[in-house]
Amino acid sequence: MRIPTNSRDPPPPPPPPRPGRRRFLAVAASLLLATGALAALDPPAAGAAVDPVTVTVNAKAGLARVPDTALGVNHAIWDSNLGTTETSDLLRAAGVRMLRYPGGSYGDIYHWQTHTAPGGYVAPDTDFDTFMAAARRVGAQPMIIANYGTGSPAEAADWVRYANLTKSYGAKYWTIGNENYGNGLYGSAWEADDHPDKSATRYAELVVEYADAMKAVDPTIKIGAVLTMPANWPDGLTAGDDPGPWNQTVLSLAGPKIDFVDVHWYPGGSAAESLARTAHIPDAAWLLRQQLARYAGPDAGRIGISFTELNVGTGQDTQPGALFLADAYSGLLENGAFTVQWWNVHNGIGTVSEVAGQTDYGDFGMLSSGGCASDGTVCEPPLNTPFAPYHGLSMMNLFTGAGGQFVRAGTDQPLVTAHAVRRANGDVAVLLVNKDPEHEYPVTIDYAGFSPSDAAPTVYRHTNGASAVTESRSGSATSRTLPPYSLTTLVVHPAGPVAGHPGAPGQPTASAVTDRTATISWPAAAPAPGGAPIAKYEVYRQHGAVSEQLGETSGTTLTVGNLEPGRRYTVNVLTRDTAGNVSWSSPPLTFATGSPATSTCAVRFSKGADWGNGYVATVDIVNDGPSAIDGWTLTWTWPTGWQQVSSGWSANWSQAGTLVKVTSTDDNRRLAAGASTSAGFVGAYSGPNVLPTAFSLNGTVCRAL
C-alpha cells in the first residue's frame, strides 16, 4: 500500500531558524506520495542508433481551450521573499497567472486575521495584503486556502469580506482546506484537523457550511473541495462509517454547493518513472469527470478541476522537473483543468544529489532559496536563481500563448511526447518533449487540418543544464532534431490567410447513447462576417492523433452509428461553408457507449474491497438464451495497459496484453437457460483504474446487470 506524506512543506530558509516539525510538516523527499508502478520507459543503449520519430499534429481534433488561469504556482508564508519585486518580476516573466496562498498544509493552521500559524514558521512580510500586492504585480489571480483544519466557516467568511468587500481584491477562488484526507482518517496523518469527527462525511458537511457562510458575503466567489487523484492514495479506500471512498463521499454531500474540485499529484519514483506517468492523465481526468457526473448531483458539468500541487519524485531542480512540468501541465490543461500549479516558488535545500549530470538540491522550489545544507558543505546558487522547472514554466508560457485551443498531437516513440495549440491568430505551436537523457531524436511533423508556411518557424528550446530558454528562427515546420532531455517549441505560421473562416460550433452534447449509437447535438455556428453561408457540419472522432469522420449534416444534430460497446469516444464538430472554408474545432465531447439492452447473456462486474493498487472483484454470468450452454468463455479488454488479473478462482483465468479470458471449469461449464454462475479475481492496477463495461460470452456481447 502506498504511504502518503505531505513532504512539500519545507523548513524556513536561512537566516530564520528551522521550526519544530509537527506531524503535518514532513520534509523528507524520500517519503513523497507514490502513484503506482507504471514501468519506466527504457531508452536505447548508449551508442545505439535511434529511429526517426513521426509526430502528428491534428488541428481538427480540438481539446480544451487555454484558460487565463492556466499557469500557476504556490506561494507560502514561510517564504520571506514572497512579496519582493524581484520574485514577482520573475513569476510575471514566466507567465504565472494564478498564485496559491498561504502554502500547502499551512492552509490548515493559518489564521489570516492575526497572520499566525501555530506550530509553523511565519516569515516577515508574508501577510495577505503583501501577497495580494505581489499577485497584482505578477498579474495573477489568487487561489486561497480557507483554514479547515483549525479554523471555522465564520473565520473564512470574514476573510472573504475583508478581501472582496473591504479591500476590493476580487479574490474569486477559495479552497476549503488542503489534503484533508491526510488527517488520520486512513491511517496516515500529516494534515492538521481539530475536529473530533475526521471522516470524509464530516469534511463534506463542513464544506457546505463554509460555502454557505462565504457565499453569503460574496455570492460571486468560487468554492473548491479537496479530492484525491484517481489511483493515488487514498483513492478507493473507505473508512469508518463513510458511505464510500473520499471522493464519492465528498461529492455526494457537497457537490451541489461547490464550483470546483482541488486535486494534487506527486507521481513519485525515479525520474524515468515520473516522466512515464504523465500517460495516466487522460484516464485520471476521465475518472474524475465520471465521479463528478455520478456523485455531484444535477449540473455537475459546471464543476471545474484544479491541480494545485504538482512536482516530481526525483530531479525537482533539474531537467526531469522541467520536462515533467511541461508534459504534465499540457496534459492536464488539454483535459480541461482550469489551472495547474507547481509546488513551490521557494522551498529550501533538501537532499543533494546528481541527476543527469547536474546538481539537484532536493528543493521543490522553482527559484533558489540561496540556503546551505545543515552541515554547510553544500549551498544552493544565489537567491532567486531559476531552477530548471522555472524554465519549463517559461516554455509553457511561450507554447500556450493567449486565447488558443489545445489540439491533438501524438508520436510513435514513447520517449518523445508532443502537444499542440492552435492560436487565435491562426498560428500553431508544437511542444516536443524528449525524455531520453542520452539520445537525440530526429523528428518529422505531419499536420492535419492545418497547412504550415514555408517560412522558418520560431523555435524555443531548453536543454539539460541550460540557464535559459533560447529563441531562434530556423529550419522548417516539418522536421527537427531534439537534443537529449530537452524541451522544444515550434511556432508555425499558416500558409494562407485565416480570415473568412466560419465560426466553430459550440460545446457538443451526447444523448440516447446505446451500445452502438449516439446522438450528437451542438449549438449552431456563425458564418464569417461578410463570408459564405454555412453549408454543413462535420462530426469527427479522435482516433489517437488522427480524425475519423463519423458523418455530416446541414442541421445541428447527428446520430452516429457503428460504434463499439463499452468504448470511450471523443468527438469534435467542424463547420464548413459553401466556399469550402472550415472552422476551428468545437470543444471536445467525450462519452462512453454501454452494453446491449438485450442479449442472450448478461454480466455483472462488481468491485469489492479496494486497497489503492488492487481490489477483489466478482463476475456474475447469466445465460439469458433459450438453450443451455455447455462450456463457456468470457472475455473483456482492459481500458488501460496498467490493469491486470493477479489471480482468480471458480474459473480458468488468463490475460494477454489487455485481453482477459475466463473459461469454465468442469464444475460450472454447463449453464441451463436462465442459470447463472460466478467467478472472482484479484485485480491490480498501477494507474487510474477504469473498469471495463463490455463483456462477451462465447463471442456474444452481453448486457450489463
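**View 1. The whole protein chain, contacts and overall size.** Of the contacts in the protein chain with a separation of 6 or more, 73% are between residues 24 or more positions apart (contact means heavy atoms within 4.5 Å). This is a predicted model: local features need pLDDT of at least 70, side-chain atom pairs count only at pLDDT 80 or more, and totals for chains, interfaces and linings use all residues. Residues are numbered from 1 along each chain as its sequence is written, and side-chain values use heavy atoms, with hydrogens and water left out. The protein chain has 9 helices and 38 strands (DSSP runs numbered from the N terminus, helices being H or I of at least four residues and strands E of at least two). Its radius of gyration is 26 Å, close to the 27 Å from the globule rule for 705 residues, so the protein chain is as compact as a globular protein of that length. That radius is taken over C-alpha atoms, and the rule is 2.2 Å times the number of residues to the power 0.38. Along the principal axes, the C-alpha atoms fill a box of roughly 80 × 65 × 60 Å. Buried residues account for 56% of the 705 residues (buried means under 20% relative accessible area, exposed over 50%, partly exposed in between, with a 1.4 Å probe and protein chains only).

**View 2. Helix H8 against helix H9.** H8 (residues 319-334) packs on H9 (residues 388-400) at about 35°, with the axes 7 Å apart. Axes are lines fitted to C-alpha atoms, for helices over the stretch in contact, and angles run from 0 to 180 degrees between N-to-C directions. H8 contributes residues including Leu325, Tyr329 and Leu333, while H9 contributes Leu393, Met396 and Phe399, among others. By class, this contact holds 10 nonpolar, 4 polar and no charged residues. Here Ala, Val, Leu, Ile, Met, Phe, Trp, Tyr, Cys and Pro count as nonpolar, Asp, Glu, Lys and Arg as charged, and the others, Gly among them, as polar.

**View 3. Helix H5 and its cover.** H5 spans residues 246-254, and its buried residues are Trp246, Asn247, Thr249, Val250, Leu251 and Ala254. Their cover includes helices H4 (200-217) and H7 (281-295). Strands S6 (222-226) and S7 (260-265) are also part of that cover.

View 4. S1 (residues 53-65) pairs antiparallel with S12 (residues 405-411) over 6 bridges (two strands pair if DSSP finds at least two bridges between them). Val57 has Ala409 of S12 as its bridge partner. S12 also pairs antiparallel with S13 (residues 416-422), over 3 bridges. There, Val407 is partnered by Ala420. A hairpin of 4 residues links S12 to S13.

**View 5. The mixed sheet of 5 strands.** This open sheet runs in the order S31-S35-S28-S27-S38, with mixed pairing. S31 (643-649) and S38 (703-704) are the edge strands; each has a single partner strand, so one side of each lacks a neighbour in the sheet. S28 (residues 614-623) and S35 (residues 676-685) run antiparallel, joined by 9 bridges. Thr618 is bridged to Gly680 in S35.

**View 6. The antiparallel sheet of 5 strands.** The order of this open sheet is S32-S33-S30-S36-S37, and the pairing is antiparallel. At the edges stand S32 (652-656) and S37 (700-701), each with a single partner strand, so one side of each has no neighbour in the sheet. S36 (residues 696-697) meets S37 through 2 antiparallel bridges. Ser696 lies opposite Val701 of S37.
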